[in-house]
Amino acid sequence: MQLEPALRRLDRIAGGRQAGHRVAVSDDPKVRRAFRAMTLLLAAGFVLGVATVVVAFVMTQNGADVGFAVWMRCLVVLAITTTLFYFLWRAWAGWYWAFRRLQLFSRIFPVVALVLAAIPGLYPFWVVTEQILFAILLIGVSDYLQSDVVRAAFPKPQR
C-alpha cells in the first residue's frame, strides 16, 4: 500500500485550500538544524506527555484520585504533540500548509497551557509543572519557526 496517497487525503483535511502548495525542500544547513532542534523539542514534549500519563496511571493504581480534568489534560497533551509531529514531518517535506499550522499551534498551545495552569485548583502541582514545561518546549519550537532562515524557506504562495 502506498502511504503518500493516504497522507495527501489527510493533508487536504488539515491543510485546507493551501494543501496543494509545496515549496522546494531547503538544503540550507541552518534550516535543517532548526528542524532537528524542533524534532528534539517535540520529542521531549512527547516524553513529557507519556511520563505524565504514566504518573497519573501509577497514582490511580495506588489509590489516588487523579480526577477527570487531569486525565483529559494528559491525553490532550499527548494528542497535541502527536499532531505537531505530523505537521513537522509534512513541513520538513516542503508542505507550506504544515509549516503554517505548526507556526499557529506552537503559538496557541503554550498560551492555552499556561492559562489552564494558572487556574487555581484545576490541576495538582505536578500537572501545573508539566503544563509549564510543555509550554516552554512549544515556545522553543515557535521561536525556531519564526527565525528568518526558516520563514525564508517557506515563501508565501501567490494567490
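Colleague: Let's start with α2 and α5: is their crossing left-handed or right-handed?

Modeller: The crossing of α2 and α5 is left-handed. Bear in mind that this is a predicted model.

Colleague: Noted. At what angle do α2 and α5 pack, and how far apart are their axes?

Modeller: The angle is about 165°, and the axes of α2 and α5 are 9 Å apart. Anything over 145 degrees counts as roughly antiparallel, so α2 is roughly antiparallel to α5.

Colleague: Which residues meet there, in α2 and in α5?

Modeller: From α2 you have Ala34, Ala37, Met38, Leu41, Leu42, Ala44, Gly45, Leu48, Thr52, Val55, Ala56 and Met59. They meet Trp126, Glu130, Leu133, Phe134, Leu137, Leu138, Gly140, Val141, Tyr144 and Leu145 in α5. By type, the residues of this α2 with α5 contact divide into 18 nonpolar, 3 polar and 1 charged.

Colleague: Let me zoom out for a second. How many helices and strands are there in the protein chain?

Modeller: The protein chain has 6 helices and 0 strands. Reading from the N terminus, the elements go α-α-α-α-α-α.

Colleague: And what share of the residues counts as buried?

Modeller: Of the 159 residues in the protein chain, 39% count as buried. As for contacts between residues at least 6 apart in sequence, 78% join residues at least 24 apart.

Colleague: Back to α5. At roughly what angle do α4 and α5 cross?

Modeller: Helix α4, residues 96-118, crosses α5 at roughly 155°, and their axes come within 8 Å. That makes α4 roughly antiparallel to α5. α4 passes α5 in a left-handed crossing.

Colleague: What does the contact look like on the α4 side, and on the α5 side?

Modeller: On the α4 side the contact includes Phe99, Leu102, Gln103, Phe109 and Pro110. On the α5 side, Val128, Gln131, Ile132, Phe134 and Leu145 are among the residues involved. The residues of the α4 with α5 contact divide into 15 nonpolar, 4 polar and 1 charged.

Colleague: OK, and α3 with α5? What's the packing angle there?

Modeller: About 15°, with the axes of α3 (residues 68-92) and α5 (residues 125-145) 11 Å apart. That makes α3 roughly parallel to α5. The crossing of α3 and α5 is left-handed.

Colleague: Which residues make the α3 and α5 contact?

Modeller: α3 contributes Val70, Arg73, Val77, Ile80, Thr81 and Leu84, while α5 contributes Trp126, Val127, Glu130, Gln131, Phe134 and Leu138. The residues of this contact of α3 with α5 divide into 8 nonpolar, 2 polar and 2 charged.

Colleague: Switching to rings. How many aromatic pairs does the count come to?

Modeller: The count comes to 11 aromatic pairs. Phe35 and Trp92 form a tilted pair, 5.3 Å centre to centre with 35° between the planes. Phe35 lies in helix α2 (residues 29-61) and Trp92 in helix α3, so the pair ties together parts that are 57 residues apart in sequence.

Colleague: What other ring does Phe35 pair with?

Modeller: Phe154, in another tilted pair: 6.2 Å centre to centre, 45° between the planes. Phe35 is in helix α2 and Phe154 is in the segment after α6 (148-153), which puts them 119 residues apart. Both Phe35 and Phe154 are buried.

Colleague: And what does Trp92 touch?

Modeller: Not counting residues up to four places away in sequence, Trp92 touches Val25, Arg32, Phe35, Arg36 and Thr39. The C-alpha atoms of Trp92 and Arg32 are separated by 8.6 Å, though the two residues are 60 apart along the chain.

Colleague: One last thing: which residues do ring pairs link into a cluster?

Modeller: Tyr86, Phe87, Trp89, Trp97, Phe105 and Phe109 are linked into a cluster by ring pairs.

How values were computed: Residues are numbered from 1 along each chain as its sequence is written. This is a predicted model: local features need pLDDT of at least 70, side-chain atom pairs count only at pLDDT 80 or more; totals for chains, interfaces and linings use all residues. Side-chain values use heavy atoms; hydrogens and water are left out. Axes are lines fitted to C-alpha atoms, for helices over the stretch in contact, and angles run from 0 to 180 degrees between N-to-C directions. Helices (H or I, at least four residues) and strands (E, at least two) are DSSP runs, numbered from the N terminus. Angles under 35 degrees count as roughly parallel, over 145 as roughly antiparallel, 65 to 115 as roughly perpendicular and the rest as oblique. A crossing is left-handed if the near helix is turned anticlockwise from the far one by less than a right angle, and right-handed if clockwise. Contact means heavy atoms within 4.5 Å. Ala, Val, Leu, Ile, Met, Phe, Trp, Tyr, Cys and Pro count as nonpolar, Asp, Glu, Lys and Arg as charged, and the others, Gly among them, as polar. Rings of Phe, Tyr and Trp (its six-membered ring) pair if their centres lie within 6.5 Å; planes under 30 degrees apart count as stacked, over 60 as edge-to-face and the rest as tilted. Buried means under 20% relative accessible area, exposed over 50%, partly exposed in between (1.4 Å probe, protein chains only).
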